[in-house]
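Here is a short note for a colleague opening this structure for the first time.

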Amino acid sequence: MSRFHKMIAEKVIGGVSVKKHCFLLTRDVQASQRSIALIAEMIHTASLVHDDVIDDASSRRGKHTVNKIWGEKKAVLAGDLILSAASIALARIGNTAVISILTQVIEDLVRGEFLQLGSKENENERFAHYLEKTFKKTASLIANSCKAVSVLGCPDPVVHEIAYQYGKNVGIAFQLIDDVLDFTSCSDQMGKPTSADLKLGLATGPVLFACQQFPEMNAMIMRRFRLPGDVDRARQYVLQSDGVQQTTYLAQRYCHEAVREISKLRPSPERDALIQLSEIVLTRDK
């Protein structure tokens, strides 16, 4: 996900610069835009370090986590240090609108974590809860980073909204595919144990769709797959259902919406790259 965030921010830099009346005027502005990619990556990295502590994860992308090597206390402090470096870099940009946009990301990350800790008893509310959590924990960073880049490159609020909507839709699609891969990829490909979300007690898209075909999963969802055999049974239900296909289809819809939004900008190599990036989101296998 690291290169993914940076790629989006850098392509949006070029994309907004070709909108009518929205040209980059100075080398300094472009430098501040590129700083957004670095800040987004630092916020993302800090959130991963903290997530691994919360989840008691021992591996990520095939490597030991910070908390596995150094322990929880040092991992928490390391995440805080990275976040403080991001805050300093953000302050140096000196744009209050951009500061407000990116600090919203930090609030959303925390609120998203709280949402993940809870669950909805009402089956009809679960999917909305899941999508809200997905936006706050994943898509908000991409959406607001894209918006921040556009604010620095163009005064037109219409362009800011296009950038935000593109990032939001790509971000949600990215996480939906990530949730699919938790069921369809092997541990070596993912660099982390598969069925990890089930083991954490999380009901993601494939599980929620599968539950519509296998209502007996409701009880497992409410007890967060805590009983012996729950994880294996839930995994089998998902694979026997069309949960994976339905979640993939939903991700495609979000990517199509992202393409529709970014296509409002004038044609350019950068805009085409952003369109291609949305296709990469759907076809990745790790």
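How are helix 10 and helix 13 oriented relative to each other?

1. The model is predicted. Start with helix 10, residues 205–213, and helix 13. Their axes come within 8 Å and cross at roughly 125°. Angles over 145 degrees count as roughly antiparallel and 65 to 115 as roughly perpendicular, with the rest oblique. Helix 10 and helix 13 are therefore oblique to each other. The crossing of helix 10 over helix 13 is right-handed.

2. Now the residues of that contact. Helix 10 brings Gly205, Pro206, Phe209, Ala210 and Gln213. Helix 13 answers with Gly243, Val244, Gln246, Thr247 and Leu250. By class, the contact of helix 10 with helix 13 holds five nonpolar and five polar residues, and no charged ones.

3. Turn to helix 7, residues 157–184, which packs with helix 13, residues 243–262. The angle is about 160°, and the axes lie 8 Å apart. Helix 7 and helix 13 are therefore roughly antiparallel. Helix 7 passes helix 13 in a left-handed crossing.

4. From helix 7 they include Ile162, Tyr166, Asn169, Ala173, Leu176, Val180 and Phe183. From helix 13 they include Val244, Thr248, Ala251, Tyr254, Cys255, Glu257 and Glu261. In the contact of helix 7 with helix 13, 16 residues are nonpolar, five are polar and two are charged.

5. Helix 13 also packs with helix 14, residues 269–283. Here the angle is about 180° and the axes are 10 Å apart. That makes helix 13 roughly antiparallel to helix 14. Helix 13 supplies Ala251, Gln252, Cys255, Val259 and Ile262 to this contact. Facing them in helix 14 are Arg271, Leu274, Ile275, Ser278, Val281 and Leu282. The contact of helix 13 with helix 14 divides into eight nonpolar, two polar and one charged.

6. Two residues deserve a second look. Ala251 of helix 13 meets helix 7 and also meets helix 14.

7. How many cavities of 30 Å³ or more does the structure hold? There are two. The largest cavity has a volume of about 190 Å³. Its lining has 16 residues. Nearest the centre of the largest cavity lie Gly118, Ser119, His129, Leu202 and Ala203.

8. Which helix gives the largest share of the lining of the largest cavity? Helix 6 does, with four residues. Helix 5, residues 96–117, and helix 6, residues 123–153, each supply at least two.

9. Last, an open space. The second largest pocket holds about 250 Å³. It is lined by 14 residues. Ser47, His50, Asp51, Leu109 and Val110 are the closest to its centre. Helix 2, residues 27–55, and helix 5 each give at least two residues to the lining of this pocket. Nine of the pocket's lining residues are nonpolar, two are polar and three are charged.

10. One link between the two spaces is helix 5. Helix 5 supplies at least two lining residues to the largest cavity, and at least two to the second largest pocket.

How values were computed:
Residues numbered from 1 in each chain as written. Predicted model: local features only at pLDDT ≥ 70, side-chain atom pairs only at ≥ 80, totals over all residues. Heavy atoms only, no water. 1 Å grid on protein atoms, 1.4 Å probe; cavity = no way out; pocket = protein on both sides within 12 Å on 5 of 7 lines; lining within 4 Å. Points joined across faces, edges and corners; volume = space filled by probe spheres on them. Nonpolar A, V, L, I, M, F, W, Y, C, P; charged D, E, K, R; others polar. Axes fitted to C-alpha atoms, helices over the stretch in contact; angles between N-to-C directions. Parallel < 35°, antiparallel > 145°, perpendicular 65-115°, else oblique. Left-handed = near helix turned anticlockwise from the far one by under 90°. Contact = heavy atoms within 4.5 Å.
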